[in-house]
Amino acid sequence: MRTQMATEAGRTTAPSEDRALVGPNLLAVLDGVTAKPETGCEHGVGWFADQLAAELLRFAHLGPAPALTEAIKQAAELHSGTCDLDHPGSPSVAIAMVQIKDDVLRYLVLGDATVVVDTKRELHVVSDTQTNRTAGAKPSDVEHALTGEIPVQDVRRVAVLSDGAARAVDLFGLFDWPKALELMAANGPDDLIRKMRQVEKEDVKAVEWPRTKVSDDATVVYLER
Ligand SMILES: [Zn+2]
């Protein structure tokens, strides 16, 4: 199996709050939710995404849902003494993860991140763009995740994307998902981001494609067998 990743901040003036993770059996993209004016946290979204990513790697031997549950608990402990974790603006992330273990691919999506799995028979596209759900300070957040399993032997290609990258397909319609996977197979995931940035530049006032962020942090982890 071969894995490639690409990530680019949405603006040159602020660091990206996306994180990409490639572990021994785990692929994940975490997308920090843009901080509200009040968060109750002295650390910030980038810090939270870093801690959650590190903890996820530590628990990668578990399945995606238990790994995320443990990671949320551990990340919360790191700042429960200094920060108000019950604050409604407490840092959180949208997350999409894929674990390959024991001949099974298991995925988990919480929020508007996306998992795409191309099998010999069909294309699975999993995302939750409707509910504003995220992984924050509470392990119970994981109950709302979309999860599933696919036999590894059926898997051809996998892509895990933050919404800032998935909008190449689901907002701009530059290509459909099968074509996006073909593009990444041929040119790598950075080409998807490059082509999308070009379109964003041509519509800097967000008129043709209405959107709140002209360019958003964009991250893709791409795997092929
Ligand atoms: Zn904090």
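**View 1. Strand β10 is covered on both of its faces.** Ala218, Val220, Tyr222 and Glu224 on one side, and Thr219, Val221 and Leu223 on the other, are all buried (under 20% relative accessible area, with exposed being over 50% and partly exposed in between; 1.4 Å probe, protein chains only). The strand spans residues 218-224, and seven of its seven residues are buried. Strands (E, at least two residues) are DSSP runs, numbered from the N terminus. This is a predicted model: local features need pLDDT of at least 70, side-chain atom pairs count only at pLDDT 80 or more, and totals for chains, interfaces and linings use all residues. Residues are numbered from 1 along each chain as its sequence is written, and side-chain values use heavy atoms, with hydrogens and water left out.

**View 2. Strands β1 and β9 each pair with β10 in the antiparallel sense.** Two strands pair if DSSP finds at least two bridges between them. Strand β1 (residues 2-8) is joined to β10 by seven bridges, and Thr7 has Thr219 as its bridge partner in β10. Between strand β9 (residues 155-161) and β10 there are five bridges; here Leu161 is partnered with Val220 of β10.

**View 3. The zinc ion has a tetrahedral site.** Its protein donors (N, O and S atoms within 2.8 Å of the metal, or 3.2 Å for Na, K and Ca; water is not among the atoms, so sites may look incomplete) are Cys41 (SG), His43 (ND1), His79 (ND1) and Cys83 (SG), at 2.1 to 2.4 Å. Angles among the four donor atoms are 96 to 118 degrees; four donors count as tetrahedral if all angles lie between 85 and 135 degrees. The donor residues follow the spacing C-x1-H-x35-H-x3-C in sequence. Both His79 and Cys83 are buried.

Technical notes. Four donors count as tetrahedral if all angles lie between 85 and 135 degrees; four count as square planar and six as octahedral if opposite donors are over 155 degrees apart and all others between 65 and 115; anything else is irregular. Helices (H or I, at least four residues) and strands (E, at least two) are DSSP runs, numbered from the N terminus.
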